[in-house]
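Hi everyone, thanks for coming. Let me put the sequence and the model up on the screen, and then I'll talk you through them.

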Amino acid sequence: METDKRSSLNINISRIFRDLWANKKRFLKVWIWTFVLSCIWILPQPRYYTTEVSIAPESGESSAAGGLASLASNFGISLGTENADAIYPQLYPDVIGSTEFIVGLFDIQVTTLEGDVRTDYFDYLRNHQKENVLTYPFVFAQRWVKSIFKKPEDEIPGKDGKRFDPFRLSFTTTQIVKGVQEKIDCIYSRTTGVVTITVTDQDPLVSALMADSIKAHLQDYITDYRTKKARQDVAHYQQMRDNAEQEYNQAMSAYSSFCDSHKNITMQSFMSEQNKLENDMDLKQNMLSTMETQLQAAKVKLQERTPAFTTLTNATVPVKPAGPKRMIFVAVMLFLATCFTIAKMYRHELEEWF
């Protein structure tokens, strides 16, 4: 029955154009109102700028194995060659999006392009963000309602003198962390092995500063992770080497003092004591030499474990805003208004069709 009804409906293009032309005043009114309302909404929207940086992290695997692993990863197969470290480039986006990493960015000092704001990133996000003026009444009403029912927040200070504790954040700080997660985007390309970091902000200079800072912060984070064991080894062998040097100096001092105080004495007991002190000094010297060798080897290993990052694209202050796309927004609104008006004109035909 429905098939017969649909087949009986003929689309008369000429009639449709006549109807549209006959309702041209109606469309004109719709377009004028849509254009005005769209401009009223989109023009006060604060502009935002985007800065992009890209780096190529050092790969610890051979080129052949790395290429084979990259090819296999495109098919969802892991060969296990790229997982020598727990944090490999594929996980860099997760690292940047983590709460601990973002909280570590809050103390970075930023300056706006006009120079009117000079503060840390947390204060900038909390107190210096622009809003659409049309939303001010709703924002004020929302804050007033929250102030009635909301209890005072107590920010728990972090450990080791840090400003925040990522384990337990206040509601305001948590909201700011979520906002930063939306502003920062990190993409790892499996084919090229390039990590691209994109930062969006209302101020172009802040966007460029944060993009460069996040790149440096990520490099320090990965370097600290990969060299943690090696740095501990260097500190351990450095302490053992210092202790061995101290013991050698004491043994050498005891031997020198004994020799100076027993000159021209050929008694066997004194000769035996001298040989004992000399052997002890030689033993301490060998220990010092061994610890020095171990320390140098640990430093070489630390250098080998330190990753290298090649910067492919540096941060540059953007000149043009990335959005909002005002003309595109108005054009889309006009198109949707036109479609809605046409659908309303032919609603009876559409009801019969559906």
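Before that, some housekeeping. This is a predicted model, where local features need pLDDT of at least 70 and side-chain atom pairs count only at pLDDT 80 or more, while totals for chains, interfaces and linings use all residues. Residues are numbered from 1 along each chain as its sequence is written, and side-chain values use heavy atoms, with hydrogens and water left out.

Okay, the overall picture. The chain has 14 helices and 6 strands; these are DSSP runs numbered from the N terminus, H or I of at least four residues for helices and E of at least two for strands. Of its 354 residues, 30% count as buried, where buried means under 20% relative accessible area, exposed means over 50%, and partly exposed is in between, with a 1.4 Å probe and protein chains only. Now take contacts between residues at least 6 apart in sequence: 76% of them join residues at least 24 apart. Contact here means heavy atoms within 4.5 Å.

Next, the helix pair. Helix α3, residues 24–42, packs against helix α13, residues 326–345, at an angle of about 145 degrees, and their axes are 9 Å apart. Those axes are lines fitted to C-alpha atoms, for helices over the stretch in contact, and angles run from 0 to 180 degrees between N-to-C directions. Which residues of α3 and α13 make the contact? On the α3 side they include F27, W31, S38 and C39, and on the α13 side F329, V330 and M333 are among them.

Let's zoom in on S38, which sits in α3. S38 is buried, as its relative accessible area is 6%. Setting aside residues up to four places away in sequence, S38 touches F329, V330 and M333. C39 counts as buried too, because its relative accessibility is 17%. C339, at 35%, is partly exposed. And how many disulfides does the structure hold? The count is 0, with a disulfide taken as a pair of cysteine sulfur atoms within 2.5 Å.

G323 and P324 are joined by a cis peptide bond, with omega at about 0 degrees. As background, most peptide bonds are trans.

Now the cores. A nonpolar core is a set of buried Ala, Val, Leu, Ile, Met, Phe, Trp, Tyr and Cys residues joined through side-chain atoms within 4.5 Å. The largest one has 34 residues, and F106, Y121, I197, M210, I214 and L218 have the most contacts inside it. Several elements supply at least two residues each, including β1 (49–57), α9 (171–183) and β5 (195–201). Helix α10 gives the most, with 6 residues. M210 touches L105, I108, V110, Y121 and V199, not counting residues up to four places away in sequence. Apart from that core lies another one of 9 residues, among them Y255, F258, M281 and L288.

Last stop, two residues elsewhere. T112 is in the loop between β2 (109–111) and β3 (118–120). Is T112 buried or exposed? It's buried, because its relative accessible area is 8%. Beyond its neighbours within four places in sequence, T112 is in contact with V117, Y124, D203, L205 and V206. Then there's Q294 in helix α12, residues 268–305. Q294 counts as partly exposed, because its relative accessibility is 34%.
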